[in-house]
Amino acid sequence: ARSDAANGTVTIANNYPNVSAETQALKFAQTEMANTIEQYKWIPISEYYDRNEELDAAYQALIQALSQETVSDDDRSKLDYYTTNFNGAQKMIEKSTYNQEVSEFFAKYGSSPFLKFVDDYDMPGYYVSSADATEG
């Protein structure tokens, strides 16, 4: 949903040259997220968090820049729709019980001697920034 909303927003923003820098930044953030998703097997979940934060910042910056432009009513309606979808998907991420489930996994299996046979990339990780993941 976030990718579709970002794509739609970029399509509209391409019609407004004054926001080209913000449009390019969102395109770049989308590409980085897509690359992370494509290589999911080798990327720690903290990288997903970081890419998602970058995507969110780029999206919000573009929406802010577009709010300073004279945007057609049709484009404004579409932007409102995309923003609702983009932000709704973020709320689902924030409400997710994923981190709680990771805690439960480690509480249940953390001391298991069999975990040493599990590839690090197959182990669950907390959905936090990579900086926070290395601190903990």
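I took a salt bridge to be a side-chain nitrogen of Lys or Arg within 4 Å of a carboxyl oxygen of Asp or Glu. The model I looked at is predicted.

**Entry 1, salt bridges.** I found four salt bridges in the structure. I looked up Asp74 and Lys78 and noted that their closest N and O atoms are 3.1 Å apart, so the pair falls within the 4 Å limit. Both residues lie in helix α4, four residues apart, which is about one turn of the helix. Asp74 is partly exposed at 47% relative accessible area, and Lys78 is partly exposed at 36%.

Glu47 meets Arg51 at 2.7 Å, N to O, and Glu54 meets Arg51 at 2.8 Å between the closest N and O atoms. In helix α3, Glu47 and Arg51 are four residues apart, about one helical turn. Glu54 and Arg51 are three residues apart in helix α3, also about one helical turn.

I counted two aromatic pairs. One of them is Tyr59 with Phe86, stacked at 3.9 Å centre to centre with 10° between the planes. This pair links distant parts of the chain, with Tyr59 in helix α3 and Phe86 in helix α4, 27 residues apart. Tyr59 is buried, at 0% relative accessible area, and Phe86 is buried at 0% too. I also noted Arg2 over the face of Phe86, 3.9 Å from the ring centre.

Definitions and conventions. Residues are numbered from 1 along each chain as its sequence is written. This is a predicted model: local features need pLDDT of at least 70, side-chain atom pairs count only at pLDDT 80 or more; totals for chains, interfaces and linings use all residues. Side-chain values use heavy atoms; hydrogens and water are left out. Rings of Phe, Tyr and Trp (its six-membered ring) pair if their centres lie within 6.5 Å; planes under 30 degrees apart count as stacked, over 60 as edge-to-face and the rest as tilted. Helices (H or I, at least four residues) and strands (E, at least two) are DSSP runs, numbered from the N terminus. Buried means under 20% relative accessible area, exposed over 50%, partly exposed in between (1.4 Å probe, protein chains only). A charge sits over a ring if NZ of Lys or CZ of Arg is within 6 Å of the ring centre and within 35 degrees of the ring normal.
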